[in-house]
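User: I am new to this structure and would like to learn how to read its features. Could you take me through them step by step?

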Amino acid sequence: MIPQDVADAIVDPKAYADQARIDGAFKWIRENAPLEQAQPQGFDPFWVVSKHADILEVEKQNDLFHNGDRPTTLMPIEMEKKVRATMGGSPHLVRSLVQMDNPDHMNYRRLTQGWFLPQNLRSREARIREIAKSFVDKMAACGERCDFARDISFLYPLHVIMEVMGVPESDEPRMLKLTQELFGSADPDLNRNARAVTDLDEGLKAIQEVVGDFVAYFNAVTEDRRANPRDDLASVIANGKIDGAPLGFFEAMSYYIIAATAGHDTTSNTTAGGMWALAENPDQFAKLKADRSLIPGFLEESIRWVTPVKHFMRSATADAEVRGQKIAEGDWLMLSYPSGNRDADAFDRPFDFEITRSPNKHVAFGYGAHVCLGQHLGRLEMRALWEELLPRLESVELDGEPRLMQSNFVCGPKSVPIRYKMH
Amino acid sequence: MSDAEPFLVWQCRTCGYIYEEAQGDPLEGLAPGTRWRDVPDNWICPSCGTSKPEFDMVEI
């Protein structure tokens, strides 16, 4: 069993805002208890899958390790009881691809899979580059200082995904706020009540309200796109059919919600973290400036470095064995992606930011059937931004202390103040 | 298949990873020019672990 203080740290949203604390906790686990059970206060026990190779092992066995039977993200016992009570026995507040197992997962994924493939995205590249360029111009117009997270990286991927979804630009601030209230539900700077969450009922109610607001918004979108289909992702979801029938209401709303949240927040986090890393590593910035062919490697290293999705949970459908540990049917497992991406058995000098790292087989997008659907879009957005920005960015350094969001699920920098020279 | 025939492109059905015969995938031990049929049957997608039969030939 993992010691109590370490177990408590890996579920604590505040720990993820303190890089040294969370890195230290997972380093201890990888070195001393690479696949052991933890029981943080208030939680059911779960196995912590901390090693890169074990994350791959679990993720590729989708029939043995399910997403949907138990909560897919960390959830205290009392909260799970309340969720099940209000959701007809389900432990999930939404039912997106993330909460599905086969055959539903495959059927629902196929609906938009082709849309997200590189050959389809190619037709949108010119427009994405145009948007990227407008944000580079905006950064230049800021003068020599900005908060790169708030002024650029929160807004650019948001604009791209909302445009491809068909959400009007005037609604983007609302979508950003709802996203931050959802993923930042434990962060007093971002959550709906703008204060630390001390009461479980109040915290859950705030999350349910956010989900309710998303549903109200996208229910209207569905009605509109059914009446007036367009060339956007919302029309694909609204008019999609599974086995000849329209998507279930709950599943359709969940599809919109995951696209409208994870579809930009993860890319925003990675972009902000990439700039932070360049500002802290002038040798890497100089190397990248001198050779733009290193941009793809820089992107992959930024994705590994930030790893915006901190975990997903799985549950065993039968007795299993991983790394010699006997996992019983029904056991809950935490796949820790930041831990896998700092695993010294998979990465040389894992705590160094190295844009020429090769190979760089990080698990930030997951692995197996649930691997991130939007990974190619995210990479395309980031490549376009950095290809437009780097030729004009002469220097960059930190202009204050960057701050990380408090969340144990999806998070990254919430503030990256920088000072720079551009032309 | 003779070397004079055009190189083909194969794509993972799960994640979209692209294997181009012309370029191979040296990090996976597949030299440039390695034809799809010469890729070992037990090879899996380096991005998501999908098995070789779950790839489709595509035009890029």
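Analyst: Let us begin with pairing, keeping in mind that this is a predicted model. Two strands count as paired if DSSP finds at least two bridges between them. In β14(A), for instance, A:Arg419 is the bridge partner of A:Glu397.

User: How many bridges join β11(A) to β14 of chain A, and do these strands run parallel or antiparallel?

Analyst: In general, the strands of a sheet pair through backbone hydrogen bonds, and the pairing may be either parallel or antiparallel. Here β11(A) and β14, which covers residues 417-422 of chain A, are joined by five bridges and run antiparallel.

User: What is the order of the strands in the open sheet?

Analyst: The open sheet has three strands of chain A in the order β4-β14-β11, with antiparallel pairing. Its edge strands are β4 (145-147) and β11 (393-398) of chain A, each of which pairs on one side only, and from one strand to the next the twist averages 30°.

User: How many helices and strands does chain A have, and how compact is the chain?

Analyst: Chain A has 17 helices and 14 strands. Its radius of gyration is 21 Å, close to the 22 Å that the globule rule gives for 423 residues, so chain A is as compact as a globular protein of that length. Of those 423 residues, 50% count as buried.

User: Which classes of residue make up the side of chain A that touches chain B?

Analyst: The contact draws 12 residues from chain A and 11 residues from chain B. On the side of chain A, seven are nonpolar, three polar and two charged.

Methods: Residues numbered from 1 in each chain as written. Chains lettered and ligands numbered in written order. Predicted model: local features only at pLDDT ≥ 70, side-chain atom pairs only at ≥ 80, totals over all residues. Helix = DSSP H or I, 4+ residues; strand = E, 2+ residues; numbered from the N terminus. Axes fitted to C-alpha atoms, helices over the stretch in contact; angles between N-to-C directions. Contact = placed C-beta atoms within 7 Å. Nonpolar A, V, L, I, M, F, W, Y, C, P; charged D, E, K, R; others polar. Rg over C-alpha atoms; globule rule 2.2 N^0.38 Å. Buried ≥ 20, exposed ≤ 12 C-beta atoms within 10 Å, placed from the backbone.
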